[in-house]
Amino acid sequence: MDQAEMSRIRELLNDGLAIPACPLALNAQRCFDERRQRALLRYYCAAGAGGVAVGVHTTQFEIRQPQHGLLRPVLELAAEELQNQERPHQEHIVRIGGVVGDAVQAMREAEQLRELRYHVGLLSLAGHQSADETQLIEHCRRVSEVLPIMGFYLQPAVGGRLLSYRFWRQFSEIENVVAIKISPFNRYQTIDVVRAVVDAGRADIALYTGNDDNIVGDLLTEFVFKGQEGEQRRAIVGGLLGHWACWTRNAVLLMNECKRLRALGNLPTWMLTLGAQVTDTNAALFDAANAFRGCIPGIHEVLRRQGLLEGLWCLDPTEELGTGQMQEIDRVYHAYPHLNDDDFVAEHLDEWLA
């Protein structure tokens, strides 16, 4: 990736994009369904997503296991399809790939993403529970030398770890950091990240919400800090969310409306109501009642109802909808019909599956 292309990727990220975390399409034999995987990617592009994240939690970490051997095939197919979708529009669709594991694995995955022409690596620290923050910073710095990185503050409830303001302040000094996904599901920790980026003077680091419990609130908020250089203002400009892997068209419209209202400095109370409805919907899709155990099948169920996926299958056969989750999905489907994009999908489904 040359300097001009990377400069444009940074511009796009800082402008604010809707980035769905892409699920894995499987058939009834739990084998990779390439046709439906391409259909999903075509759907996201047609819906207006500015980027797609692949090889992340929503794509199922099990794709890395030797018995499946799906990491490279999935990454290759996604890179090819997303580049095909770019051509009619002459604009980049930001390609983000997950990077996980210890130093050896993370470096190998970053090198693979670079080879496949991904723009950014979403760097997870979930497997580094025993490392101190100095070691974590060195790990991040090494990976960033291979590929531009997006930091990832993952909530401890699903495998993340607490990371201090000091960590994020040092992380923000790494030159090849282009963005941070903030998803601790915690307002205090969210502010830690924003303040650290501001204090580091990194206006070029784009902030993205992964807080599925507060998507609209994050996108509407302007954060204001006062320091030695006066008042500093920052916003969370976009989202990288598993929640946006379904009903993506309406998610894009919602994000754009949040950006418009934030720019106007005008916050109608109905947006707060809508934010609560999105959070209630997310609780159903992500199976919050059962500690998020059914979060991937919950996304699959919506995509199955729309015809994009054939079923709910995961590589791990024990990964299923949680107790009562189907009823909760039924409830929010009927309670908030304005959040779904079923008509948009029905109009284009045959085209995407062709």
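**Notebook: pockets, sheet, rings**

I looked up the largest pocket and found a volume of about 570 Å³. The model is a predicted one, so I kept its limits in view: local features need pLDDT of at least 70, side-chain atom pairs count only at pLDDT 80 or more, and totals for chains, interfaces and linings use all residues. Residues are numbered from 1 along each chain as its sequence is written, and side-chain values use heavy atoms, with hydrogens and water left out.

For the pocket search I noted the rule: on a 1 Å grid over the protein atoms alone, a pocket is an open set of points where a 1.4 Å probe fits, with protein on both sides within 12 Å along at least five of seven lines, and a lining residue has an atom within 4 Å of a point. Grid points are joined across faces, edges and corners, and the volume is the space filled by probe spheres set on the points.

**Largest pocket**

I listed 31 lining residues, and His57, Phe152, Leu154, Val158 and Lys181 lie nearest the centre. Strand 3 (94–99), strand 5 (149–154), strand 6 and helix 11 (295–306) each supply at least two residues of this lining. Helix 11 gives the most, with 3 residues. Helices (H or I, at least four residues) and strands (E, at least two) are DSSP runs, numbered from the N terminus. I sorted the lining by class and got 18 nonpolar, 11 polar and 2 charged residues. Here Ala, Val, Leu, Ile, Met, Phe, Trp, Tyr, Cys and Pro count as nonpolar, Asp, Glu, Lys and Arg as charged, and the others, Gly among them, as polar.

**Second largest pocket**

The second largest pocket came out at about 440 Å³. Of its 23 lining residues, Cys45, Gly48, Ala49, His89 and Ile93 are the closest to its centre. Helix 1 (3–15), helix 2 (34–47), helix 9 (248–264) and helix 13 (342–353) give two or more residues each to the lining. Helix 9 has the largest share, 4 residues. By class I have 11 nonpolar, 7 polar and 5 charged residues.

I traced an open sheet of 8 strands in the order 1-10-7-6-5-4-3-2, with parallel pairing. Two strands pair if DSSP finds at least two bridges between them. Strand 1 (18–20) and strand 2 (51–54) are the edges, each pairing on one side only. I checked strand 6 (177–183) against strand 7 (206–209) and found 4 bridges in the parallel sense. Isoleucine 180 has leucine 207 in strand 7 as its bridge partner.

**Ring pairs**

I counted 9 aromatic pairs. Rings of Phe, Tyr and Trp (its six-membered ring) pair if their centres lie within 6.5 Å; planes under 30 degrees apart count as stacked, over 60 as edge-to-face and the rest as tilted. How are the rings of tyrosine 43 and tryptophan 352 placed? Their centres are 5.4 Å apart and their planes at 45 degrees, so the pair is tilted. Tyrosine 43 sits in helix 2 and tryptophan 352 in helix 13, 309 residues apart. Tyrosine 43 is buried at 0% relative accessibility, and tryptophan 352 is buried at 3% (buried means under 20% relative accessible area, with a 1.4 Å probe and protein chains only). Ring pairs also link Tyr43, Tyr44, Phe344 and Trp352 into a cluster.

Terms used: Buried < 20%, exposed > 50% of the residue type's maximum accessible area, 1.4 Å probe, protein only.
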